[in-house]
Amino acid sequence: MSFESELSQGNFYIPECVKCSIIIWPPSEFCNKCFGEIVLRKKISEGKIIEFSRKDEEYFCIVEFENQIRVMAKMTNIPKVGQMVKIRKSGISKGNYFYEVT
């Protein structure tokens, strides 16, 4: 079970080191602190909007998860900084990660 194989199926998990228990972001096969093995700890669903911008009718937000992981996500509603959002959809398209929140 790898981060990319789970994400390609629409699952967004937290990669964590088995040995030192730190969150590994960006995802990797080994811990960048102790070189320990990585496991996918739990599915992430809720995060907080840090900032956003708009292009036409779409909004693009920086969403923070676990006070540490930040991703860019698409949103169709009008976002607010500090707003809690949930992942509606995630995956890999044309080799790129994508996330949509509501």
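Strands here are DSSP runs of E, at least two residues long, numbered from the N terminus. Keep in mind that you are looking at a predicted model.

Start by selecting residues 96-101: that is strand S7, and Glu100 lies in it. Is Glu100 buried or exposed? Its relative accessibility is 14%, and buried means under 20%, so Glu100 counts as buried.

Now show the side chains of Glu100 and Arg88, which are joined by a polar contact of 2.4 Å. Which other residues touch Glu100, setting aside those within four places in sequence? Along with Arg88, you can pick out Lys74, Lys86, Ile87 and Lys89.

To see a bridge pair, click on Gly91 and then on its partner in S7, Phe98.

For the last stop, move over to the largest pocket, which holds about 180 Å³ of space. Helix H1 (3-8) and strand S2 (38-43) are the elements that each give two or more residues to its lining. S2 provides the largest share, three residues. Select the lining residues, including Met1, Phe3, Pro15, Pro27 and Leu40. Colour the whole lining by type and you get seven nonpolar residues, two polar and two charged.

Methods:
Residues numbered from 1 in each chain as written. Predicted model: local features only at pLDDT ≥ 70, side-chain atom pairs only at ≥ 80, totals over all residues. Heavy atoms only, no water. Helix = DSSP H or I, 4+ residues; strand = E, 2+ residues; numbered from the N terminus. Buried < 20%, exposed > 50% of the residue type's maximum accessible area, 1.4 Å probe, protein only. Polar contact = N/O pair within 3.5 Å; in protein donor to acceptor, adjacent residues only side chain to side chain. Contact = heavy atoms within 4.5 Å. Pairing = 2+ DSSP bridges. 1 Å grid on protein atoms, 1.4 Å probe; cavity = no way out; pocket = protein on both sides within 12 Å on 5 of 7 lines; lining within 4 Å. Points joined across faces, edges and corners; volume = space filled by probe spheres on them. Nonpolar A, V, L, I, M, F, W, Y, C, P; charged D, E, K, R; others polar.
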